[in-house]
Amino acid sequence: MKHLLSTRDLSAASALRLLDVAEEMSAVGEREIKKLPALRGRTVVNLFFEDSTRTRISFEAAAKRLSADVINFAVKGSSVSKGESLKDTAQTLEAMSADAVVIRHPASGAPARLAASDWIDAAVINAGDGTHEHPTQALLDAFTLRRHWARIGGTPSAGTTLAGMKVLIVGDVLHSRVARSNVWLLTTLGAEVLLAGPPTLLPVGIGSWPCTVFYDLDEAIAQRPDAVMMLRLQAERMNAAFFPSTREYSRRWGFDDGRLALLDIMGLDDTVIMHPGPMNRGLEISAAADSPRSTILAQVRNGVSVRMAALYLLLSGDPHDDEPRDDETHSLPHDLPIPEGRTTR
Amino acid sequence: MTMPAPESGITKRVVLAAADMDRALTRIAHEILEANKGSADLILLGIPRRGFPLAQRLARKIAAVDDAVDPDLITGQLDVTMYRDDLRRNPTRSPQATQLPPSGIDDKVVVLVDDVLYSGRTIRAALDALADLGRPRIVRLAVLVDRGHRELPIRADHVGKNLPTSSRERVRVHLGEIDGLDGVAADEVVIEDRA
Amino acid sequence: MTDTTQHATSTEYLIRHASILGKTSADLLLRDGRIAAVGDTAAAQASPSAVTIDATGLVALPGMVDLHTHLREPGREDAETVETGSRAAALGGFTAIHAMANSSPVADTAGVVEQVHSLGLASGWVDVRPVGAVTVGLGGERLAELGAMAESRATVRVFSDDGVCVHDPVLMRRALEYVKAFDGVIAQHAQEPRLTEGAQMNEGDVSAVLGLTGWPAVAEESIVARDVLLAQHVGSRLHVCHVSTAGSVEIIRWAKARGVDVTAEVTPHHLLLTDELVRSYDPVYKVNPPLRTADDVQALREALADGTIDVVGTDHAPHPSEHKDCEWAQAAMGMTGLETALSVVQHAMVETGLLDWEGFARVTSVIPARIGRLHDQGRELVAGEPAHLILVDPAARWTVDPAAMATKGRNSPFRGLELPGSVRATFYAGHATVLDGALATPRQVAPAREAAAWTR
């Protein structure tokens with residue numbers, strides 16, 4: 001594994017390995033001395049084109065616990081503003097000998113572009129790109145879910161998959177990188193994924209996703225999910241006529257007290273409530289955030305372990321070699337629909 | 001387990017059979033008790049993967065001599081992956097779990113247990129890893145095989161067998177707990193050489 | 001209209017054993033800008049100084065006519081100039097190209113179209129026909145001086161706001177009506193603006209995965225449907241640029257069956273590439289309208305074969321590298337196409353058996369010339385006609401290398417692809433602009449005639 005760009009092209013073996021390593025990293029987090037020397041002398045750049053203090057400090061803590069040097073590079077303004085280009089920034093980081101670039105960018109595909117270009121040789125970790133993917137968020141969600149699933153099943157977390165688990169993701173799937181990354185990763189790990197949201201916030205083309213789609217949240221809850229993941233409703237969607245009003249959204253797709261009580265009535269004692277944060281309390285989530293079912297703080301905690309695992313796996317080994325079973329490729333096919341006998345480069 | 005079919009061009013010879021190995025471990029167990037003047041404060045930390053079952057075996061042998069000892073309470077595993085100095089030279093290694101006995105290691109006598117002592121770099125990493133976990137009173141080293149070729153000023157306190165080897169050869173330790181198949185013990189030490 | 005057959009150079013060419021439109025093998029004699037003879041008598045009529053070209057195994061075709069080229073001059077000479085773009089055109093087998101109006105300043109006045117026209121004449125590689133803007137500054141608010149452009153020395157007949165859609169239905173109606181006065185045509189860039197705000201790629205399975213804002217097929221189809229109905233209502237001539245969806249094909253087929261005077265165009269890239277390529281996030285695949293699905297590609301090929309789509313237009317859109325060396329969302333839309341058009345169409349249409357070479361000539365030369373009212377282009381290869389023709393080696397295979405192209409644009413989506421067919425020679429009014437597959441010389445026109453041209 002040279003880059004971590006999306007969960008869609010992550011094999012089950014690679015995903016499980018990352019989660020297993022994260023378990024060991026998590027154990028380190030409980031020690032008095034929380035630092036490991038594995039990435040001593042390596043430089044990790046947090047390249048943030050979008051403000052996200054939470055994600056940045058999580059990556060920063062992860063890199064520092066592995067003894068890497070961390071440089072925070074915040075690029076002001078949006079990418080569309082005519083400032084320094086991604087290319088120039090990347091070449092600057094290359095000149096500074098960055099070993100890994102953790103990139104958060106408002107444009108979908110910016111990390112993939114960085115990884116595929118010859119602008120920089122560093123490992124690229126996608127820390128959220130536009131409305132595309134946020135793989136480490138999905139990995140920490142999967143890590144959290146797996147611990148929960150293993151605890152219910154009475155098995156150790158390491159090596160456990162999510163087979164048999166039913167996860168319901170609710171809200172603005174159209175604009176959610178968290179939803180996309182979770183759909184691919186959770187299904188790869190064996191979970192069944194249900195999606196619920198207003199039809200205007202579900203993408204055209206969702207029919208080809210490995211999920212069941214509901215327009216009615218209560219109908220989705222009736223499927224007895226083991227976890228309900230509430231997506232954040234971005235402020236800019238609220239005024240863009242995707243739905244009539246926040247009141248109506250909250251009533252139909254918010255996880256309110258009534259729906260929290262419904263879980264009890266249905267006897268779904270082990271169903272957890274997740275949220276990637278930051279929350280819009282009273283809109284997509286209410287008291288459920290503070291209930292014992294909430295995994296929201298565990299998600300934050302697990303974020304550091306998962307990001308340590310990602311940094312360790314990308315940076316520790318010989319970059320030109322890898323364990324034979326970890327042979328997944330991140331390059332995308334460039335095959336053109338052309339008849340036989342033609343070759344592409 | 002039977003010997004895997006020899007790959008072409010590789011010769012193998014058994015240097016320790018199951019009974020030899022067991023005798024060597026028994027002797028080490030006695031040496032440890034003798035050096036420590038008993039079992040007080042004794043902790044055996046195996047280095048994954050094969051150091052851990054060896055530590056368990058040693059603990060059982062110690063318990064057989066001293067029935068005040070509960071082998072599970074003096075045995076642990078110490079993963080050194082994150083402390084290695086050769087991470088960049090090899091394919092990415094997945095770290096293993098570190099599990100300390102409930103008593104911890106502070107002010108204890110920690111015996112590191114590994115299967116083969118070679119360059120000494122693993123033990124160097126183990127000492128660093130140990131320092132991040134606590135402060136033992138004494139650290140000793142027990143290995144099943146010392147094959148020479150040290151690259152660091154490290155030596156073992158307890159050695160099952162000294163094996164002169166050429167650096168071209170590979171020493172493979174097979175243990176029933178890890179390499180066993182269908183309950184058939186696989187205990188043996190083999191030297192492989194590319195002919 | 002400029003008569004490009006005047007002031008022809010004096011070199012005489014005797015082309016031996018060319019397969020005319022891929023059929024009978026014959027000799028052609030080119031003299032004084034015209035085809036002097038075809039067949040057995042050609043050799044006998046050739047003068048001793050005639051240059052003989054052995055065209056055994058080569059197909060003779062009428063010079064290709066592009067209805068849709070972006071030359072970027074004036075305004076973005078770093079991206080392309082009339083000179084570099086028309087060199088690329090000659091190498092690609094074109095003898096006439098239509099320069100789209102979205103230059104800077106916009107080609108919305110007689111002055112700008114005459115400038116582009118005179119730059120084309122000065123270059124001398126192909127006939128450069130300016131397209132006039134439909135609305136002032138492509139603003140979509142009021143009509144540009146269409147009549148002045150039509151009457152200028154550039155004799156504009158094709159009007160387009162290409163790059164943006166004439167989306168106001170009243171304005172579109174007026175434009176369609178107005179150009180009837182001088183036999184003009186409105187070439188519509190069919191894109192409903194509200195449905196495509198922030199659009200980045202075809203809306204469908206791939207956009208859902210990539211998280212890129214979708215450009216739905218319906219945004220094109222709704223405008224095509226409206227425009228064919230408008231054209232029918234006012235009895236005007238409509239040309240639909242770069243049709244990209246199976247749905248548009250159906251609407252155009254329906255309109256033609258009802259007798260609407262509509263013509264349609266497809267680009268080479270929409271005949272070959274699909275939105276699957278966007279998975280790489282490489283902006284070289286970013287284009288407007290976007291690459292669609294394999295089903296759309298199939299429908300477009302069939303439509304071009306059965307005449308529902310009339311012509312191939314390249315939509316050659318060169319961009320400087322910094323406009324593509326960036327993240328997808330920030331990248332410019334467009335692909336180069338002049339130097340790959342013949343090969344891509346041969347690959348997608350001829351080698352699949354959907355078109356023969358005569359059909360190829362129809363969609364790349366005969367009908368485009370008719371739509372653009374270029375009376376001396378796209379003619380039959382018979383004695384007496386203007387000598388705009390090309391020699392193509394259909395058996396050749398070459399690998400696309402954007403760095404080796406004559407266009408300034410390096411944004412070819414076909415880079416690294418092995419394609420069939422190579423233009424060995426291009427004759428522009430009897431003058432060889434391309435020989436042996438390489439640029440020869442531009443055709444010089446008498447300076448006295450053009451000195452008065454409006455210049456910079």
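Colleague: Is the crossing of helix 5 and helix 7 of chain C left-handed or right-handed?

Modeller: The crossing is right-handed, meaning that the near helix is turned clockwise from the far one by less than a right angle; helices here are DSSP runs (H or I, at least four residues), and strands are E runs of at least two, numbered from the N terminus. This is a predicted model, where local features need pLDDT of at least 70 and side-chain atom pairs 80 or more, while totals for chains, interfaces and linings use all residues. Residues count from 1 along each chain as written, with chains lettered from A and ligands numbered from 1 in written order.

Colleague: At what angle do helix 5 and helix 7 of chain C pack?

Modeller: Helix 5 (residues 169-178) and helix 7 (residues 217-234) of chain C pack at about 45°, with axes 10 Å apart, and they are therefore oblique to each other.

Colleague: Which residues of helix 5 of chain C meet helix 7 of chain C?

Modeller: C:P169, C:M172, C:R173, C:L176 and C:E177 do, facing residues that include C:R226, C:D227 and C:L230, where contact means C-beta atoms, placed from the backbone, within 7 Å.

Colleague: Switching topic, where do the domains of chain C run?

Modeller: Domain 1 covers 13-60 + 384-446 and domain 2 covers 62-372, with bounds from an automatic or database assignment. Their centres, taken over C-alpha atoms, are separated by 26 Å, and their contact takes 32 residues from domain 1 of chain C and 43 from domain 2 of chain C.

Colleague: And which strand gives the most to the domain 1 side of that contact in chain C?

Modeller: Strand 17 of chain C does, with six residues.

Technical notes: Two residues are in contact if their C-beta atoms, placed from the backbone, lie within 7 Å. Axes are lines fitted to C-alpha atoms, for helices over the stretch in contact, and angles run from 0 to 180 degrees between N-to-C directions. Angles under 35 degrees count as roughly parallel, over 145 as roughly antiparallel, 65 to 115 as roughly perpendicular and the rest as oblique.
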